Amino acid sequence: MMPKRILFLLAHPDDETFGTGGTIARYARSGAEVHLATATRGEAGMIGDPPVTDREHLGEVRAGELMAAAEILGIAKVHFLGFLDGQLANVPREQLVERAVELIRRVRPHVLVGFGPDGVSRHADHKVMCEVALSAFDRSGDPTWYPADGAPWAPFKLYQFEIAQEFFAGWDAPLSGIPRARLTAFIDTSEQVETKIRAFHCHKTQAKDTRRLLERPGYREFARQETYVLARTRLPGLPLPEDDLLAGIPDE
């Protein structure tokens with residue numbers, strides 16, 4: 001029996017760890033084939049505190065940090081889509097969607113995971129990648145879209161990573177949550193908390209964010225569960241809420 005495949009479609013190095021790291025580690029450990037697509041190399045991010053590199057080499061350094069984190073989390077393959085950090089809103093949307101569709105057809109994931117509409121941090125690149133994932137999910141299985149980009153493949157589900165807004169009370173952080181009632185998937189990541197935190201420390205340029213998170217009251221308790229909204233599905237009658245992103249996926 002072939003392993004189930006999950007593709008995380010995100011914007012920057014560190015998105016995979018700070019957001020969905022526990023989920024990635026859980027499914028990789030359980031035998032799923034986990035892929036990560038990152039739209040950029042994080043060229044516009046922080047250079048470290050104290051500096052780890054200079055601005056000229058930041059993208060290269062952050063790509064290396066991502067590869068180190070991916071090894072800890074168990075990601076089978078990282079795919080760099082080749083766009084510039086902070087510039088996704090300026091890229092023709094069709095170009096982004098076609099690149100995502102080509103990757104989906106090559107990886108053939110059963111499940112896609114991306115951002116919600118506000119991207120948790122309200123980062124413009126996160127918001128763009130939310131829209132890209134929705135369009136790519138809809139088009140990847142349709143042979144009339146991008147016929148030169150591989151055989152059609154239709155994932156069964158698309159999840160959006162979201163956090164209940166109640167967790168941000170008292171955090172004094174520019175983060176955007178949603179009402180807990182809108183969450184539809186609750187993934188137990190309690191056994192992956194320390195793995196996720198080890199992956200944090202690979203992102204040395206982002207150490208300021210790591211310190212900020214780990215200083216939050218009860219962060220380790222918070223990290224024991226990661227939550228999602230089921231934004232698209234081709235599986236009828238799924239019982240909600242779910243505790244498994246791969247629930248209902250038929251065997252190949």
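I began with Gly21, which lies in helix H2; helices here are DSSP runs of H or I with at least four residues, strands are runs of E with at least two, and both are numbered from the N terminus. This is a predicted model, so I kept its limits in view: local features need pLDDT of at least 70, side-chain atom pairs count only at pLDDT 80 or more, and totals for chains, interfaces and linings use all residues. Residues are numbered from 1 along each chain as its sequence is written, and side-chain values use heavy atoms, with hydrogens and water left out.

Is Gly21 buried or exposed? Gly21 counts as buried because its relative accessibility is 0%. I took buried as under 20% relative accessible area, exposed as over 50%, and partly exposed as in between, with a 1.4 Å probe and protein chains only. I then listed the contacts of Gly21, leaving aside neighbours within four places in sequence: Glu16, Leu73, Lys196 and Glu226. Contact means heavy atoms within 4.5 Å. Gly21 and Glu226 are 205 residues apart in sequence, yet their C-alpha atoms are 8.9 Å apart.

**The sheet**

Next I traced the strands. Seven of them form an open, mixed sheet, in the order S3-S2-S1-S4-S5-S7-S6. Two strands pair if DSSP finds at least two bridges between them. Strand S3 (77-83) and strand S6 (185-188) are the edges, each pairing on one side only. From one strand to the next the twist averages 25°.

I checked the pairs one by one. Strand S1 (residues 5-10) runs parallel to strand S2 (residues 33-40), with six bridges. Phe8 stands opposite Leu36 in S2. Helix H5 (residues 124-139) packs on the sheet and touches S1, S2, S3, strand S4 (111-115), strand S5 (157-162) and strand S7 (225-233). The direction of H5 makes about 165° with that of S5; axes are lines fitted to C-alpha atoms, for helices over the stretch in contact, and angles run from 0 to 180 degrees between N-to-C directions.

S1 also pairs with S4, in the parallel sense, over three bridges. There, Ile6 has Val111 of S4 as its bridge partner. S4 and S5 run parallel too, joined by five bridges. Gly114 is bridged to Gln160 in S5. How many residues of S4 are buried? Five of the five are, so S4 is largely enclosed by the rest of the structure.

I stopped at His79, which sits in strand S3. It counts as buried, at 6% relative accessibility. Beyond residues up to four places away in sequence, His79 touches His35, Leu36, Ala37, Thr38, Leu103, Arg106 and Val107.

Helix H3 (residues 58-73) has 16 residues and reaches 22 Å from first C-alpha to last, close to the 22 Å expected at 1.5 Å a residue. The expected span is 1.5 Å times one less than the number of residues. Its buried residues include Leu58, Arg62, Glu65, Leu66 and Leu73. Down the axis of H3, the buried residues fall within an arc of 160°, so they line one face of the helix; the arc is that of the directions from the helix axis to the C-beta atoms. Glu60 and Glu71 are exposed, on the face of H3 turned away from its buried side. Helix H1 (15-18), helix H2 (21-29), S2, S3 and helix H6 (193-200) are among the elements covering the buried residues of H3. Just after H3, Gly74 has a positive phi of about 95°.

Helix H4 (residues 93-107) has 15 residues and spans 21 Å, close to the 21 Å expected. Among its buried residues are Leu96, Val97, Leu103, Ile104 and Arg105. The buried residues of H4 pack against S1, S2, S3, S4 and H5. Just after H4, Arg108 takes a positive phi of about 60°.

**Last checks**

Arg216 is in the loop between helix H7 (207-214) and helix H8 (219-222). Arg216 counts as buried, at 15% relative accessibility. Its contacts, leaving aside neighbours within four places in sequence, are Trp171, Asp172 and Ala173.

I finished with the cysteines. Cys130 is buried at 3% relative accessibility, and Cys202 is buried at 14%. I searched the whole structure for disulfides, taken as pairs of cysteine sulfur atoms within 2.5 Å, and found zero.
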